[in-house]
Every structure is written in C-alpha cells, then in structure tokens.
Amino acid sequence: MTRNNAATRYSKFPLVVVYYNVDFSVQYLQGTQFWRNKILPFADKFKVQKYRFAVADEEEFAKELGEVGLGDSGLEHNVVVFGYDGKKYPMDPEKYDGELDENLEEFMKGISSGKVKPYVKSAPVPNDDKGPLKTLVASNFAKIALDESKDALIEFYAPWCGHCKAFEPKYKQLAAKLKGEQPNLILAKFDATANDAPANFNVEGFPTIYFAPAGKKDVPIQYKGTRDLDDLTKFMKKHAVKSFQKPKEEL
C-alpha cells in the first residue's frame, strides 16, 4: 500500500496493514517479497472472514501511525486493522512485542472475538469541569453526553475556528442561564481535532452542533440554524424529552 492507493482501504472488507521499513523500488524487490511471504499465510487463513492484507512503508505513513499511538513503538513492524466501518485497531506493541508470525494470528483472533477494541483518540479528562458548560473528551463522552436521563446539546469545535471563537461567549452565557432552570439538560463542547467523535455524530465543519435527547442518544439531531441563542433554544425545546417540560396542571 502506498499513498497513491491508500484511499481505497475503506471498503466492504476490513484491511490489515503491516507497516515496516520498506522500499518498493525494483532493486529492493527481494526484501519486499520477504515480508509479503510472511504475511501470505495469514491472508489465506483469514480470507474466509473477509479480511484483506497489505504491506506499507512505515516512514511514508509515519503521521498515520502516530495518530493511533504507534509513532514510536520500537518494533520492527506495526499492524493496524482498518474496519469497514472506519474504525482503526492498532496492534498494541506492549502486548504483542514478539515476532510478527508469533503475534499476528493472536491479534487477529482478538479482533474477530471483540476482545481487541478500536483505538479512540482522546484528550485528557479536564481536572476541574464544574462550570455550566461542560468540556467533553472522547473518553468521557458516553458517560456525560449519552446519559439517558438527560438531554444534551454538544458543540463540536476546532480551537482555530473563528466562528467557534465568536460563538463561545454566547454559548457560555446560554449554559449559565439554563443551568439552574433546566437540571435535566447538559450543554457541552467537544474539541473534534483532539478527540475522535462517535460515529453517529458526523462532523464535517466547525462548529457543528447536535442535540442528543434522553432515550434517543443513538439518533442525535444536528442543528442547522443560526447561532442565535433564541433560535438555538427553540430548537432544543422542539426536540427535548427531559428538559423544557411544562409543569403538569393541578387537578
């Protein structure tokens, strides 16, 4: 696999990529063939499970390896499985630190059984996050934003985004106003450049705002209106399940 064909990795079949120091030039064909021959038995064995295999130069894909925690693994080889759903499964260098043929089969079985979990990029959890506007990271997103007992409004932003910077003081103002009024509502922000967003929150630009109603977290609703606070509040009221509820009339 090279940069020229890397975009085809996400297909209907998951792809297993073995990265090592390789030069695909004709004069180095023998060295390249050595690694291909080591991988062929695994490709044949896991073909029934629809896995496809490829080899790639670790230097050419150094940035990509760094993004899944393999930038400085210290191993002669690194392995990443790209699922058809876009999830990435890097082979942990601390657990699989032996020869490739000793570890690859065990790693593949772990993926097939669900024991190996996909890599999720996450910033550290904030030490002090007691303000009205919560700061989410990938590792605490489910606990806070997907709490089924509360509605949640989440802004996915980028630190360099001018529109996000302009919106932030207004968003904090709204969060402060609603904190006491709506105890079953969470307003939060999520740096989508430092964290991997959940698959059902599609983020293609900044800021992107979603409302995740209680009991319906698997189908969040994207806000496509203006960043006017009144419009945003009307949007939340329209889709709210636990918040903005009118008090029941006394009988």
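**Salt bridges and a buried strand**

Guide: Start with lysine 109, which is partly exposed at a relative accessible area of 48%. Keep in mind that the model is predicted. The side chain of lysine 109 meets that of glutamate 105 in a salt bridge, 3.5 Å from N to O. Why do these two sit about one helical turn apart? Because both belong to helix H3 and lie four residues apart there. Glutamate 105 is partly exposed too, with a relative accessible area of 22%. The cut-off for buried is under 20%, so at 22% glutamate 105 does not count as buried.

Glutamate 105 has another contact. Its side chain also forms a salt bridge with lysine 45, at 2.2 Å from N to O. This pair joins distant parts of the chain, 60 residues apart. Lysine 45 belongs to helix H1 (residues 29–45), while glutamate 105 belongs to helix H3 (residues 100–113). Lysine 45 is partly exposed, at 47% relative accessible area. Exposed would need over 50%, so lysine 45 at 47% falls in the partly exposed class. The structure holds seven salt bridges.

Now move to another of these pairs. Lysine 189 forms a salt bridge with glutamate 168, and their closest N and O atoms are 3.2 Å apart. Lysine 189 lies in strand E7 (residues 185–191) and glutamate 168 in helix H5 (residues 162–181), so the contact ties together parts 21 residues apart in sequence. Glutamate 168 is partly exposed, at 27% relative accessible area.

Seven of the seven residues of E7 are buried, so the strand is largely enclosed by the rest of the structure. Leu185, Leu187, Lys189 and Asp191 point one way from E7. Ile186, Ala188 and Phe190 point the other way, and these residues are buried as well.

Next, the strands beside E7. Strand E5 (residues 133–136) pairs with E7 in the parallel sense, over four bridges. In that pairing, threonine 135 stands opposite lysine 189. Strand E6 (residues 151–157) also runs parallel to E7, joined to it by seven bridges. Here glutamate 155 stands opposite lysine 189.

E6, H5 and E7 make a right-handed β-α-β unit. H5 is the helix that holds glutamate 168, and E7 the strand that holds lysine 189. The salt bridge between those two residues therefore links the helix and a strand of this unit.

Last, a quick look at open space. The largest pocket holds about 830 Å³. Its lining has 24 residues, and the closest to the centre are Tyr119, Asp196, Ala197, Pro198 and Ala199. By class, the lining residues divide into 14 nonpolar, four polar and six charged.

Conventions. Residues are numbered from 1 along each chain as its sequence is written. This is a predicted model: local features need pLDDT of at least 70, side-chain atom pairs count only at pLDDT 80 or more; totals for chains, interfaces and linings use all residues. Side-chain values use heavy atoms; hydrogens and water are left out. A salt bridge is a side-chain nitrogen of Lys or Arg within 4 Å of a carboxyl oxygen of Asp or Glu. Buried means under 20% relative accessible area, exposed over 50%, partly exposed in between (1.4 Å probe, protein chains only). Two strands pair if DSSP finds at least two bridges between them. A crossover is right-handed if, with the strands pointing away from the viewer, the path from the first strand over the helix to the second runs clockwise. On a 1 Å grid over the protein atoms alone, a cavity is a set of points where a 1.4 Å probe fits but cannot get out, and a pocket is an open set with protein on both sides within 12 Å along at least five of seven lines; lining residues have an atom within 4 Å of a point. Grid points are joined across faces, edges and corners, and a volume is the space filled by probe spheres set on the points. Ala, Val, Leu, Ile, Met, Phe, Trp, Tyr, Cys and Pro count as nonpolar, Asp, Glu, Lys and Arg as charged, and the others, Gly among them, as polar.
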